[in-house]
Each structure stands twice: as C-alpha cells, then as structure tokens.
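Please look at the sequence and the 3D structure together before reading on. The briefing below goes through the strands, the overall build and a few single residues.

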Amino acid sequence: MKTFSIKPSEIEKKWILIDADGVVLGRLAARIATILRGKEKPTFTPHMDMGDNVIVINAEKVHLTGNKRDTKTYYWHTGYPGGIKSRVASDMLEGQFPERVIEKAVKRMLPGGPLSKQQMTNLKIYKGGSHPHGGQSPEILNIKD
C-alpha cells in the first residue's frame, strides 16, 4: 500500500460563498480553516495548498457568544518600547475594518508557516452584503443550519 500524494496539476479549486450574518465567530472560523486547508477533500495532502477559495460577506454581523464582544481584546505591538496597543472586539466590529476579527480567528486556527500564509490568500472577507467575485460563480454554503 502506498501513500497517496496529489500533484499540483491535479488540484481543483472552487469558490465558496459564506454569509456571516448571525453566525458564531468560532464555528465560522473553524469551518473556514477546514475549507482553506482542504481537509474535507478525500485527496487531502498536508503539504499542498489544495483548499478552496472562500468569500465571506457581512463580516460586521458575526456573533460573539457571552461577553466576548465587550471583553475579548486584541493586542499588537508597534515595535517601540512601551508600544503595546489593544482594541476590544466591539470596537473592531463597529470600526472601519470589521473583517479583521474573522481574519485573525481563521489565521490562528491554521498551522503556522509559509503554507498557511499562502492559504490565507484564498480567503476574501467583505463587510457588506456584496462582493466583486460574481464572475467565479461561487456556490453558497449555509453555515447557520
């Protein structure tokens, strides 16, 4: 018995559209991470970028359970001494870039390394209900059910 390994020429990618309106953030991010890696495919190969392209709309309407909307804090450092900064999830969702909440949740569910950075380029997140990828004719995935 031999281990199956897919070739780059055999990889087939499709486009998937997900509406984040009212969906719990953790469940949404876990499902997106699985799709980006390609783990739901029978030909999954861990060292290849074989996941599908994912489009997420209505990023500002994602649901956080419990008090996470008011207490979950995102930290970053500017690189200067004493340069630690923080922002609460509610400020991010109501701010200019609410898609960063979903982006960070998905990125932290992928394994670290160059491959996960390449897989993150297959994720497109938009804060409104429209997207410019109509030409790819994405299939709709309902996560609420």
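In this predicted model, strand 1 (residues 15-19) and strand 2 run parallel and are paired over 5 bridges, where two strands count as paired if DSSP finds at least two bridges between them. Helices (H or I, at least four residues) and strands (E, at least two) are DSSP runs numbered from the N terminus, and residues are numbered from 1 along each chain as its sequence is written. Because the model is predicted, local features need pLDDT of at least 70 and side-chain atom pairs count only at pLDDT 80 or more, while totals for chains, interfaces and linings use all residues; side-chain values use heavy atoms, with hydrogens and water left out.

- Strand 1, helix 1 (residues 25-37) and strand 2 form a right-handed β-α-β unit, where right-handed says that, with the strands pointing away from the viewer, the path from the first strand over the helix to the second runs clockwise.
- Why is strand 2 (residues 53-57) described as largely enclosed by the rest of the structure? The reason is that 5 of its 5 residues are buried, and buried means under 20% relative accessible area, exposed over 50% and partly exposed in between (1.4 Å probe, protein chains only).
- Asn53, Ile55 and Ile57 on one side of strand 2, and Val54 and Val56 on the other, are all buried, and both faces are therefore covered.

- The open sheet has 4 strands in the order 5-2-1-6, and their pairing is parallel.
- Strand 5 and strand 6 (139-141) are at the edges with a single partner strand each, so one side of each has no neighbour in the sheet.
- From one strand to the next the twist averages 25°, with axes taken as lines fitted to C-alpha atoms (for helices over the stretch in contact) and angles running from 0 to 180 degrees between N-to-C directions.

**The protein as a whole**

- The protein contains 5 helices and 6 strands, which follow one another along the sequence in the pattern β-α-β-α-β-β-α-α-α-β-β.
- The C-alpha trace spans about 55 × 35 × 30 Å along its principal axes, and 38% of the 145 residues count as buried.
- If contacts (heavy atoms within 4.5 Å) are taken between residues at least 6 apart in sequence, 68% of them join residues at least 24 apart.

- His133, in the loop between strand 5 and strand 6, counts as buried because its relative accessibility is 12%.
- The side chains of His133 and Tyr126 are joined by a polar contact of 2.6 Å, a polar contact being a pair of N or O atoms within 3.5 Å; within protein, one must be able to donate a hydrogen and the other to accept it, and residues adjacent in sequence count only if both atoms are side-chain atoms.
- Neighbours within four places in sequence aside, the residues in contact with His133 include Trp15 and Ile55.
- Most residues other than glycine have a negative phi.
- Asn58, in the loop between strand 2 and helix 2 (68-71), has a positive phi near 60° and is buried, with a relative accessible area of 9%.
- Ser137, in the loop between strand 5 and strand 6, has a positive phi of about 45°, and with a relative accessible area of 57% it is exposed.
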